[in-house]
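Please read the following points with the sequence and the model open beside you, and check each place as it is named.

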Amino acid sequence: MIEISDIRKAYRVGDIETLALDGVSFRIEKGDFVAIMGQSGSGKSTLMHIIGCLDSPTSGRYFLGGHDVSRMTDDELSDVRRDQIGFVFQAFNLLPRATAIRNVSLPLIYANVLPEERDRRAGEALLAAGLPEDRWHHHSNELSGGQKQRVAIARALVNSPAIVLADEPTGNLDSKTGEVVLETFRHLNCDLGHTILLITHERYVAEHADRIITLKDGRIVSDEEVRSKHPCPVERQTP
Amino acid sequence: MRIADLFQETYDAVTVNKVRSGLTMLGIVIGIGSVIALLAMGQGAKNSIESSIQSIGSNLLMVRPGAMRAGGGVSSGRGSAQTLTMDDVEAIRGQATAVRAVAPEISGRYQVTAAGTNTNVSVYGVTEEYQSVKSLTVESGSFVSAQNEKGRSKVAVLGSATRDDLFGEGNDPVGSKIKINRIEFKVIGVMAAKGGSGFGSADEAIYVPLATAQQYLSSSRYLSMINVEAASAEAMDLAESELTDILLAAHDITDPTLADFMVMSQADIVETASSVTDTFVTLLAAIAAISLLVGGIGIMNMMLTTVTERTREIGLRKAIGARREDIVRQFLMESLLLTFVGGAIGIVVGWLIAQAAIRFASIQASVSLSAVVMAVGVSVGIGVIFGYYPAQRAAKLRPIEALRYE
């Protein structure tokens, strides 16, 4: 599904070259729930940007669904993001004066999907993300933090992406709401089969995943299967 | 991105900050509005000048005395010379082929009194042809006749405005006596109002027989002007050259540049007046164009501010799959919407100003279709030109930097 081999990313500030990623390799299979953990400056954000096709590596290869995306142009990367990747940001990044359902529809607008089809798919995504239906037509600046993040998750799901990238999704939420959001990811992974990559600096948050990749100074220091705090039940229904 | 979605996104973006969008649009409204209003007034001024010149008469040529140069000596000035006489009139009558009628005139301003009232008015010594050449119509009584001319009768025909001044509006003064320059004349007719104002109004005038005027008023055998009606509109050029040739021969002048008269057609006068009004209109439009330019810069300013303010939003849009062209289109569309709506409102405002000018300032104004088309074109052009740079800036933002922007 995702194959990253020997990715390097260098930044130049004046004469000083900093290596944000220094030879990172790993594979993620369809249906995995993986956390990438590291302190700030470890290179985890850079790695997320590359996996999210927001940035290109200096060297190394990145295959997404069998396609080499490490050498694509800006507009090609836009198309990959539109069709293959769903983002959930720490700061939600919703359009404040648009309704929840309009926010969720936005990726479909850029994919030229017709309005009726958009509404249907946005509705499905909002149901999957667990936003109550009476909130769908509220403007996003009228929603609580937890509800906003559910809208953001629905927006990430609406184009049925190959992978959902969540960058510190609980960072702006209180711990109780954060827990609910993490359970939502678990549900999406267990019950709907979504591939999820969670980027965080907190061990506690990372432990919701099935596998934790730890980064330090641009290198992988550990890559371990863990027993999740909320493992998928053998038979579990939507809560 | 579908067109309907593009409009929806644009509409949402523009209405988020209504006050700012409105103020930005105001720049375009004022610019387009002033262009439309000023062009309308300029066009109106041109129309009214042209129509007042046209009211003088049709197919009319005017021969005026020119500067007399005695062997390259001192010029006494154009129009002041006394070179035209009745001999010239007879020569034209006898020789010109493309001419329907010849009407000599002699004019001067005199103090005119009637029972208790008086006025200072232009008195024209004319022959009976004058009426048809100048397309005048009689309201009551009759115009100067050939008998009046032959008998040097002291009779006068009043222009309608002069009748109003001397006898009051609506009164019929035919048969009354007036004194022109203290000489008593009998009123034999009143002319119908002709309209047209300013120089040489036919309504503010008194007409007397030419011979009478020569004998009692000007005491001179020279004419002020010879009005010539060409046989047709097509014959104007031929008539003009015939007149020149006949008069050069009659005055024994071989070099046309030394001619002691000048022949002017109505078209010449219209052309001269039009070139003046054209300059005037261009000047007004240029001033209005400056306000349009300022409006355009206002659009660019707002769009650049918007791009900066919405950096995160642009980053997000790119992150979820917007291509560069999607972003460019969105921002261009926003500036186009502002300028298009601003332009449309500006046209209405300009039209209202023109109507107000007609109503309250009695200035002639007419909004032409070409001005409206131009205004729409210019405002759309401003939208594209001043929206392009901000749109490009937005599209070039790198999503990771844009998303991090605080």
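1. A residue is called buried when its relative accessible area is under 20%, exposed when that value is over 50%, and partly exposed in between. With these words in hand, and keeping in mind that this is a predicted model, we can turn to Thr162(B), which is placed in helix α6 (residues 160–167) of chain B. Thr162(B) has a relative accessibility of 1%, and therefore counts as buried. If its neighbours within four places in sequence are left aside, Thr162(B) is in contact with Val121(B), Asp203(B), Glu204(B), Ala205(B) and Ile206(B).

2. A polar atom of the side chain of Ser105(A) is found 2.7 Å from the backbone oxygen of Ile101(A). Apart from its neighbours within four places in sequence, Ser105(A) is in contact with Arg118(A), Asp119(A) and Ala122(A).

3. Helix α7 of chain B, which covers residues 210–218, contains several buried residues, and these are Leu210(B), Ala211(B), Thr212(B), Ala213(B), Gln214(B) and Leu217(B). Just after α7(B) comes Ser219(B), whose phi is positive, at about 50°.

4. On the surface of chain B, a nonpolar patch is formed by Val19(B), Leu23(B), Leu26(B) and Ile30(B), which together have about 400 Å² of accessible area. One of these residues, Leu23(B), belongs to helix α2 (residues 18–54) of chain B. Leu23(B) has a relative accessible area of 57%, and it is exposed because that value is over 50%.

5. How many residues of chain B are in contact with chain A? There are 25 of them, and they are in contact with 26 residues of chain A. The area buried between chain B and chain A is about 2400 Å², and carbon and sulfur atoms give 53% of it.

6. Between chain B and chain A there are also five salt bridges, and 13 residue pairs are in polar contact, with both residues of each pair at pLDDT 80 or more. A salt bridge is formed by Arg102(A) and Glu9(B), whose closest N and O atoms are 2.6 Å apart. As for the elements on the side of chain B that touches chain A, α1 (3–16), α10 (311–319), α11 (324–360) and α13 (399–404) of chain B each supply at least two residues. The largest share of that side comes from α10(B), which gives six residues.

Key: Residues are numbered from 1 along each chain as its sequence is written. Chains are lettered from A and ligands numbered from 1 in the order in which they are written. This is a predicted model: local features need pLDDT of at least 70, side-chain atom pairs count only at pLDDT 80 or more; totals for chains, interfaces and linings use all residues. Side-chain values use heavy atoms; hydrogens and water are left out. Patches are made of residues with over 30% relative accessible area and no salt bridge: like charges are joined within 9 Å, nonpolar side chains (Val, Leu, Ile, Met, Phe, Trp, Tyr) within 5 Å. Accessible areas come from the Shrake-Rupley method with a 1.4 Å probe; for residues, only the protein chains shown count as cover. A salt bridge is a side-chain nitrogen of Lys or Arg within 4 Å of a carboxyl oxygen of Asp or Glu. Helices (H or I, at least four residues) and strands (E, at least two) are DSSP runs, numbered from the N terminus. Buried means under 20% relative accessible area, exposed over 50%, partly exposed in between (1.4 Å probe, protein chains only). Contact means heavy atoms within 4.5 Å. Buried area is the accessible area (1.4 Å probe) that two parts lose on being put together, summed over both. A polar contact is a pair of N or O atoms within 3.5 Å; within protein, one must be able to donate a hydrogen and the other to accept it, and residues adjacent in sequence count only if both atoms are side-chain atoms.
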